[in-house]
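I record each item as I looked it up.

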Amino acid sequence: MMKQEELFNIGEAAARSGVSAKMLRHYESLGLLPKVARTEAGYRLYSEREVHTLRFIRRARDLGFAMAEISELLKLWQNRRRASSDVKRIAQVHIDDLNRRLQEMSAMKQALEQLVHCCQGDERPDCPILDGLAS
């Protein structure tokens, strides 16, 4: 006798995957998840396969990948005939973007530190921070 696959309601799937029910519905609307089974009353039912996909999406989001990148990564993950070079290319582009953003944030931090350093922080109305923002 074949074992019937266990199905989870949206709350259970959310808890098992670490993705909120709201985001779960959002990912489905974006097509990151296939349309899932529904009960006669219209409630969504998720299998372990969809929960596993949700964990993949959550981990990719935790690493800062954009939705378009996650969509591409999901397609590659589900295609066993893919070339790992395609996956590496996406990851490398993301690393390059993270490095660019880190440099921009470092420059912002240095500029703000300089403004804070110039500010006396006393009761006078003169404020180099506001002057710097206004210039």
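I began with the contact between H1 and H3, where Ala13, Arg16 and Ser17 of H1 meet Glu48, Val51, Leu54, Arg55 and Arg58 of H3; contact means heavy atoms within 4.5 Å. The helices are DSSP runs (H or I, at least four residues), numbered from the N terminus. I sorted the residues of this contact into 3 nonpolar, 1 polar and 4 charged. Here Ala, Val, Leu, Ile, Met, Phe, Trp, Tyr, Cys and Pro count as nonpolar, Asp, Glu, Lys and Arg as charged, and the others, Gly among them, as polar.

I noted that the model is predicted, that local features need pLDDT of at least 70 and side-chain atom pairs pLDDT 80 or more, and that totals for chains, interfaces and linings use all residues. Residues are numbered from 1 along each chain as its sequence is written, and side-chain values use heavy atoms, without hydrogens and water.

Next I looked up the geometry. H1 and H3 (residues 48-62) pack at about 45 degrees, with their axes 9 Å apart. Axes are lines fitted to C-alpha atoms, for helices over the stretch in contact, and angles run from 0 to 180 degrees between N-to-C directions. H1 and H3 are therefore oblique to each other; angles under 35 degrees count as roughly parallel, over 145 as roughly antiparallel, 65 to 115 as roughly perpendicular and the rest as oblique.

I then turned to H1 (residues 10-17) and H2 (residues 21-30), which pack at about 95 degrees, with axes 9 Å apart. That angle makes H1 roughly perpendicular to H2. Ile10, Ala13 and Ala14 of H1 make this contact with Ala21, Leu24 and Arg25 of H2. I counted 5 nonpolar, no polar and 1 charged among these residues.

For H3 and H4, I found axes that come within 10 Å and cross at roughly 135 degrees. H3 and H4 are therefore oblique to each other. The contact involves residues including His52, Thr53 and Phe56 of H3, and Trp77 and Gln78 of H4. I recorded 8 nonpolar, 3 polar and 1 charged for this contact.

Last, which residues line the largest pocket? I listed Leu33, Pro34, Arg49, Glu50, His52, Thr53, Trp77, Gln78 and Arg80. H3 gives the most to this lining, with 4 residues. The lining divides into 3 nonpolar, 3 polar and 3 charged residues. A pocket is an open set of points on a 1 Å grid, where a 1.4 Å probe fits, with protein on both sides within 12 Å along at least five of seven lines; lining residues have an atom within 4 Å of a point.

Key: Helices (H or I, at least four residues) and strands (E, at least two) are DSSP runs, numbered from the N terminus.
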